[in-house]
Amino acid sequence: AEDGYDLWLRYRPLPADSATTYRANVSQLILPDATPTQAATRAELLRGLSGLLGSTPSVSTSVSADGAVIVGTPASSPLIAGLRLKLQGLGREGYLIRSVSVGGHRATVIAANEDVGALYGAFHFLRLVQTAQPLAALDLRQAPHVQLRVLNHWDNLDRHVERGYAGESIWDWHKLPDYLDPRYTDYARANASLGINGTVLNNVNANALSLTPMYLEKAAALAGVFRPYGIRVYLSARFSAPIEVGGLKTADPLDPQVQRWWRDKADEIYKVIPDFGGFLVKANSEGQPGPQDYGRTHADGANMLADAVKPHGGVVMWRAFVYSHEEPDDRAKQAYSEFVPLDGKFRDNVIVQVKNGAIDFQPREPFHPLFGAMPKTPLMMEFQITKEYLGFATHLAYLGPMYEETLEADTHRRGKGSTVAKVVDGSLHKYALTGMAGVANIGSDRNWSGSQFDQANWYVFGRMAWDPSLKARPIAEEWTRMTFSNDADVVKPIVEMMMGSREAVVDYMTPLGLHHLMGNGHHYGPGPWVSGGPRADWTSVYYHRANRDGIGFDRSASGSNAVAQYAPPVAREFGDIKHVPEKYLLWFHHVPWDYRTQSGRTLWDELVHRYTHGVDSVKQMEQAWNGLDGRIDAERHAQVATFLAIQHKEAQWWRDASIAYFQTFSQRPLPEGQAPPA
Ligand code: GCU
């Protein structure tokens, strides 16, 4: 059944004529299988090519006809060694794919320095066939621009995934380490196809159980499944673990006993997982323990853990999502205020993990001011793949444009062109360590991600982690071709839907820079009226600040002055109501209801217009999708159609609720032609 289980690795038969063409280019495979990675590479090529071409290519040891595909490294393949290819500069994970001639025969070579590079190259080659690209004159060189390309699973060790909308966790801790669900292998294949090379198994909020011997054995079993695919396992480490599982009285990072406990713990972990990646830590945020509990800094805490894993080659990913007990004047400012003074104080195996924006994975946020502001401390990107604030799994929102918007934002920290992408790939500040993390949307659902289209978010994350300069549209097209069809009249409407989908969500939830107006706690559905409660920054009124005069959070010099955390040219742009991009208007300014927006409408009219536009965009997606009936297998088509109907209904709910509520402040009529809220 077409339930989406195969993700973008579907390998369904190509149309007969193109299969014939491809068969001429893939007549035989010449590739080693002495190591687990080589075996995985061979298995994937056989599986993919036989599925796509309708016949299994023969595996040989020498080139005997046109159309051989030769895969491997100089060490694993005498043929490749003999070709004297230029593999310098490709590093451990890079590869090249080239059309060559061997003994007078046309052939394609997929070559790398290490097995894992050849595996990545094989997936790339399959993608070329899947997306109907010509194979005749190939000359591709690829190497990742970012070193740590990791998923963060928010698994709570009890099958529950925090903010997960795709069923239960795929980690079945109860049956591990003995039962290795075949899903784990398919998970590894999917990640390797994108170049994702790390996975943090447990939630940043999880308890310290994951560090006990019983759980380490389970993690080691998973690491064993993932290793052939080039994926390392990491764990979230709860800062107070020395107390909770170590029986110590303190977790003070400067206490020698605590330091010793972590060193011993690291030694213990590396005994069972020799290639363990390291720790991810959420500290002193949302009530989690951390070094500040003992009057120490984030650097003190991170460095202690870094020293523990250093002898084994591990890293510490220390999160900058700090969100304190005290109520700040502007929550958006906290991470910058706490971290910038620590620049240069971290060990060289620490990387600070920063969310894309300063609040919390909103449908739209300006880039986080920390990017570019810590030249002496490697910073890595944290994107959310799971759609916590974007309508969960039923709302279609392709996040590629959101990732792209953040990555191409200009920090101006080293002059014009100092993009966030250049911070993340390390080129701006010559970081020795680089990374990108994505909070996974993977669960036990047959379709893995809760919906067919949410698979694209896993996909685009992986592709952009490999190369942050890639663009959302070509990736959407690639994914659509692999997932649905190569037919232009299917690809085009789907790519258009995807490319407009996130903007639609912004419009019907939080237009013009509004943010954090979702229902309290669950973050689903409208709740702009949320007020009261234990703290101001858990309310929506804290963020939108609507009153009789206007709406928006003044973060300019006359307000919280959060704009001052950006480089001067950016601060000037964002801080000036005349120059701020309209998409961030209410993020940075409190704006009068009658303010003229770029369309010529007043702010109030524009707000209503945007809400309605969001609903209309969903209606258009629905129509476009319905037009594909019969062009896509019935099962997946029906599921997407139903989800779009849900999204349509709920976009309307968002619009009506938001307009009705904000109208109590604006006290203005709806603009002409706009339907009153239901
Ligand atoms: C969001 C999310 C929390 C999560 C937090 C984090 O606030 O709602 O569930 O714990 O992000 O990233 O740590």
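For 678 residues, a compact globule would have a radius of gyration near 26 Å, and the protein chain has 26 Å, which agrees; the radius is taken over C-alpha atoms, and the globule rule is 2.2 Å times the number of residues to the power 0.38. This is a predicted model, in which local features need pLDDT of at least 70 and side-chain atom pairs count only at pLDDT 80 or more, whereas totals for chains, interfaces and linings use all residues. Residues are numbered from 1 along each chain as its sequence is written.

Along its principal axes, the C-alpha trace of the protein chain spans about 80 × 65 × 50 Å. Of the 678 residues in the protein chain, 54% are buried, where buried denotes 20 or more other C-beta atoms within 10 Å of the residue's own, exposed 12 or fewer, and partly exposed anything in between, with C-beta atoms placed from the backbone. Among contacts in the protein chain between residues at least 6 apart in sequence, 72% join residues at least 24 apart, a contact being two C-beta atoms, placed from the backbone, within 7 Å. The secondary structure amounts to 20 helices and 16 strands, these being DSSP runs numbered from the N terminus (helices H or I, at least four residues; strands E, at least two).

An open sheet is formed by 6 strands in the order 2-1-3-5-4-6, with mixed pairing. Strand 2 (58–59) and strand 6 (139–142) stand at its edges with a single partner strand each, so one side of each is left without a neighbour in the sheet.

| Strands | Sense | Bridges | Bridge partners |
|---|---|---|---|
| 1 and 2 | parallel | 2 | leucine 29 and valine 59 |
| 3 and 5 (residues 105–112) | parallel | 5 | valine 71 and isoleucine 110 |

Strand 3 (residues 68–72) has 5 of its 5 residues buried, so it is largely enclosed by the rest of the structure. Both of its faces are covered, with Ala68, Ile70 and Gly72 buried on one side and Val69 and Val71 buried on the other.

Helix 13 (residues 455–466) is likewise largely enclosed by the rest of the structure, because 12 of its 12 residues are buried; among them are Trp458, Tyr459, Arg463 and Trp466. At 1.5 Å a residue, the 12 residues of helix 13 should span 16 Å, and its end C-alpha atoms are 17 Å apart, which agrees; the expected span is 1.5 Å times one less than the number of residues.

Around the ligand are Glu162, Arg163, Val204, Asn205, Lys282, Glu286, Phe321, Asp360 and Glu388, each with its C-beta atom, placed from the backbone, within 6 Å of it. This shell divides into 2 nonpolar, 1 polar and 6 charged residues, with Ala, Val, Leu, Ile, Met, Phe, Trp, Tyr, Cys and Pro counted as nonpolar, Asp, Glu, Lys and Arg as charged, and the others, Gly among them, as polar.

Glycine 519 lies in the loop between helix 15 (488–509) and helix 16 (541–544), and is partly exposed, with 13 other C-beta atoms within 10 Å. Leaving aside neighbours within four places in sequence, glycine 519 is in contact with Tyr524, Gly525, Pro526 and Gly527. From tryptophan 318, glycine 519 is 201 residues apart in sequence and 29 Å apart in space, C-alpha to C-alpha.

How values were computed
Pairing = 2+ DSSP bridges.
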